[in-house]
Amino acid sequence: MEKDLLESLLSELRRGTLILCVLSQLHEACYGYALVQALQEKGIFVDANTLYPLLRRLEKQGLLCSEWDTSETKPRKYYKRTLYGDQIYEKLAKQWKELSVGVSSLLEGGLEHE
């Protein structure tokens with residue numbers, strides 16, 4: 001039961017940060033598998049079954065645009081941040097930096113009682 005709870009909490013934590021991670025990498029066009037690899041190189045592990053629905057949702061929200069490249073033998077769909085996506089990414093990144101300073105301070109300080 002504890003393992004299930006921990007996995008659920010970790011999943012929730014990752015879900016909240018994955019959007020920021022994905023947006024951070026899509027300032028230039030990238031296809032899904034290359035994005036999975038780029039994230040993994042930075043220590044962010046994401047399953048393709050999680051990533052592709054997220055990419056479609058971000059595109060539907062106007063944060064990403066996509067284009068098919070059919071010049072190779074295997075067609076690939078490339079995703080890139082839109083101008084709106086750039087604006088949202090900048091705001092999310094700023095908020096993340098502020099939040100992470102506070103969270104780091106809390107984690108380093110542990111529980112303090114007056």
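Guide: Two strands pair if DSSP finds at least two bridges between them. The model shown above is predicted, and one instance of a bridge in it is that of Leu 64, whose partner in β3 is Arg 81.

Visitor: What makes β2 and β3 count as a pair?

Guide: Six bridges join β2 to β3, the latter spanning residues 76-81. The requirement is at least two bridges, therefore β2 and β3 qualify as paired. Their direction is antiparallel.

Visitor: Which residues of β3 face Ser 66 and Asp 69?

Guide: Ser 66 stands opposite Tyr 79, while Asp 69 has Arg 76 as its bridge partner.

Visitor: How do you know that β1 also pairs with β3?

Guide: Two bridges connect β1 and β3, in the antiparallel sense. Because the rule asks for at least two, β1 and β3 count as paired.

Visitor: In what order do the three strands lie in the open sheet?

Guide: The order is β1-β3-β2, and the pairing is antiparallel. In general, strands of a sheet pair through backbone hydrogen bonds, either parallel or antiparallel.

Visitor: Why are β1 and β2 called edge strands?

Guide: β1 (30-31) and β2 (64-69) each pair on one side only.

Visitor: How many residues lie between β2 and β3 in their hairpin?

Guide: Six residues lie between the two strands of the hairpin.

Visitor: Why is Pro 75 described as partly exposed?

Guide: Its relative accessible area is 42%. Buried means under 20% and exposed means over 50%; the value for Pro 75 falls in between, so the residue is partly exposed.

Visitor: Which residues does Pro 75 touch, not counting those up to four places away in sequence?

Guide: Pro 75 touches Trp 68, Asp 69 and Thr 70. Asp 69 is also the bridge partner of Arg 76 in β3.

Visitor: Why does Arg 14 count as partly exposed?

Guide: Arg 14, found in helix α1 (residues 2-25), has a relative accessibility of 49%. Exposed requires over 50% and buried under 20%, so Arg 14 counts as partly exposed.

Visitor: How far apart are Arg 14 and Lys 60 in sequence and in space?

Guide: Arg 14 and Lys 60 are separated by 46 residues in sequence and by 21 Å in space, C-alpha to C-alpha.

Visitor: How many helices and strands does the chain contain, and which pattern does the chain follow?

Guide: The chain has four helices and three strands. Read along the sequence, these follow the pattern α-β-α-α-β-β-α.

Visitor: How does the radius of gyration of the chain stand against that of a compact globule of 114 residues?

Guide: The chain has 17 Å, whereas a compact globule of 114 residues would have a radius of gyration near 13 Å. The value of the chain is therefore above that of the globule rule. The C-alpha atoms fill a box of roughly 65 × 35 × 25 Å along the principal axes.

Visitor: What share of the residues counts as buried?

Guide: Of the 114 residues, 24% count as buried, a term that means under 20% relative accessible area. The chain exposes about 8900 Å², of which carbon and sulfur atoms supply 55%.

Terms used: Residues numbered from 1 in each chain as written. Predicted model: local features only at pLDDT ≥ 70, side-chain atom pairs only at ≥ 80, totals over all residues. Heavy atoms only, no water. Rg over C-alpha atoms; globule rule 2.2 N^0.38 Å. Buried < 20%, exposed > 50% of the residue type's maximum accessible area, 1.4 Å probe, protein only. Areas by Shrake-Rupley, 256 points an atom, 1.4 Å probe, with all protein chains shown as cover. Contact = heavy atoms within 4.5 Å.
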